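Have the viewer open and follow along, helix by helix.

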Amino acid sequence: MLEIFSTLLVLYILLFIASIYLKDNSLVDIFWWIWFVIIAFMSFLNSEQWISQYLVTWLVILWGVRIALHIWMRKLKHSWEDPRYAEWRKEWWNGIYFYVRSFFQVYVLQLVLMMVVSSAIIITNSFYGDIWKQDQYILPNFQVLNDAIVNCGDDTNCIDAASIS
């Protein structure tokens, strides 16, 4: 996990430097999805590589690349900075204050959020043993979720579904 965090920190710093040079913080929106791919790939390389880990990793890779390409193609059509970041650039005076604040409010915040959001990927790929064979842990939870969804179709059974253990 520390290896993934430190790799992402270096990549975020490099992206921040590129955004200063290009005067475009909206680059972070494209790379947000690429970081998921990197996290999935790095955590997969350190896994036992069970079928569930292959499945999760490849689904994340396909999803991340697809969305990153979509945002990148949209960025090619409209080369200006995203209006959110352009507004911040005006509000924060586009000086040293802007660079410090954008580094922490955009890049560091996204790094922290990235680690939280991708924790499911990291946990899945760090699980030792095939997660789908762990019936005593996984399947009862799916059953509770399924019962809650099915029984909450009418409001009378929602309390009963939530109390299933």
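## Helix α3

In this predicted model, helix α3 covers residues 51-77, 27 residues in total. From first to last C-alpha α3 reaches 39 Å, close to the expected 39 Å (1.5 Å times one less than the number of residues). Helices here are DSSP runs of H or I with at least four residues, numbered from the N terminus.

Which residues of α3 are buried? They are Ser-52, Gln-53, Thr-57, Val-60, Ile-61, Gly-64, Ile-67, Ala-68, Ile-71 and Lys-75, where buried means under 20% relative accessible area with a 1.4 Å probe, protein chains only. Their cover includes α2 (27-45) and α6.

## Where α5 meets α6

The axes of α5 (residues 96-117) and α6 (residues 119-126) come within 4 Å and cross at roughly 45 degrees. Met-115, Val-116 and Val-117 of α5 meet Ser-119, Ala-120 and Ile-122 of α6, with contact meaning heavy atoms within 4.5 Å.

Ser-102 also sits in α5, and it counts as buried because its relative accessibility is 1%. Beyond its neighbours within four places in sequence, Ser-102 contacts Phe-16, Asn-25, Trp-92 and Tyr-107.

## Confidence and conventions

The protein chain has a mean pLDDT of 78, and 76% of its residues reach 70 or more; pLDDT is the predictor's confidence in each residue, from 0 to 100. Over residues 160-165, pLDDT stays under 50.

Residues are numbered from 1 along each chain as its sequence is written, and side-chain values use heavy atoms, leaving out hydrogens and water. Local features need pLDDT of at least 70, side-chain atom pairs count only at pLDDT 80 or more, and totals for chains, interfaces and linings use all residues.

How values were computed
Axes fitted to C-alpha atoms, helices over the stretch in contact; angles between N-to-C directions. Helix = DSSP H or I, 4+ residues; strand = E, 2+ residues; numbered from the N terminus. Buried < 20%, exposed > 50% of the residue type's maximum accessible area, 1.4 Å probe, protein only.
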